[in-house]
Amino acid sequence: TRIGVLVGRYFDESGAETSLRVTQLQRAVQQREDEISLKILPGCNSKFVAATAGAPARSEVWCSPDSGGFVRHWTGVPRLEATSEGKSSRCVCVPEQRLAEEGLSIYPGCAVDADRCNV
C-alpha cells in the first residue's frame, strides 16, 4: 500500500510519475550537466568593433582567467565547440590538456596557440 502519494500534476492514481514530472526531471538533469560543462569549458570573452572609414567591422574572441564568469587558475585558448541537437557552436576557453577532445576546432585563420582570435 502506498502512503503519501499526491495524485495530480506529478503522480497519477497508481503513484506512477506523469509525463510532466519526467520532463521536468530530464530538464533538471540537463541544466545540471550544462552548468558543469560551463565550468569545465567556460565561454570566451568577445568584442565587436564597428566598421570605420578605413577598416571593416570585426569581432574578436579571447580567453582570460575569469572569462565565462568563472575564476580559475588557467587561461586557455579559444576554440569552437560543436553543440548537439542542431544548436549553433559556441566559443569556449580550453585548457591545454583538453585540446585534443572531439567537438573542438580552431578558429579559421587563428594560430593553434593564440589566446585571441579575430572572427
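Which handedness does the link of cysteine 110 and cysteine 117 have? Left-handed, with -65° about the S-S bond. Keep in mind that this is a predicted model.

Let's stay with the disulfides. The count comes to 3. Cysteine 110 and cysteine 117 sit S to S at 1.8 Å. Both of these cysteines are buried.

Next, cysteine 44 is joined to cysteine 91, S to S 2.0 Å. This link is left-handed, at -75° about the S-S bond. Cysteine 44 is in the loop between helix H1 (19–40) and strand E1 (45–49), while cysteine 91 is in strand E4, so the pair ties together parts 47 residues apart in sequence. Cysteine 44 and cysteine 91 are both buried.

Then there is cysteine 63 with cysteine 93, S to S 2.3 Å. The torsion there is about -105°, so this disulfide is left-handed. Cysteine 63 lies in the loop between strand E2 (58–62) and E3, and cysteine 93 lies in strand E4, so parts 30 residues apart in sequence are tied together. Cysteine 63 and cysteine 93 are buried too. In sequence order, the bonded cysteines pair 1-3, 2-4, 5-6.

Now the sheet. It is open, has 3 strands, and runs in the order E4-E3-E5 with antiparallel pairing. Why do E4 (90–94) and E5 (104–105) stand at the edges? Each has a single partner strand, so one side of each is left without a neighbour in the sheet. Strand E3 (residues 77–81) pairs with E4 over 5 bridges. Valine 77 stands opposite valine 94 in E4.

Last, the rings. There are 0 aromatic pairs. Arginine 72 lies over the face of tryptophan 74, 4.4 Å from the ring centre. The charged end of arginine 116 sits over the ring of tryptophan 62, at 4.6 Å from its centre.

Methods:
Residues are numbered from 1 along each chain as its sequence is written. This is a predicted model: local features need pLDDT of at least 70, side-chain atom pairs count only at pLDDT 80 or more; totals for chains, interfaces and linings use all residues. Side-chain values use heavy atoms; hydrogens and water are left out. Two strands pair if DSSP finds at least two bridges between them. Helices (H or I, at least four residues) and strands (E, at least two) are DSSP runs, numbered from the N terminus. Rings of Phe, Tyr and Trp (its six-membered ring) pair if their centres lie within 6.5 Å; planes under 30 degrees apart count as stacked, over 60 as edge-to-face and the rest as tilted. A charge sits over a ring if NZ of Lys or CZ of Arg is within 6 Å of the ring centre and within 35 degrees of the ring normal. A disulfide is a pair of cysteine sulfur atoms within 2.5 Å. Buried means under 20% relative accessible area, exposed over 50%, partly exposed in between (1.4 Å probe, protein chains only).
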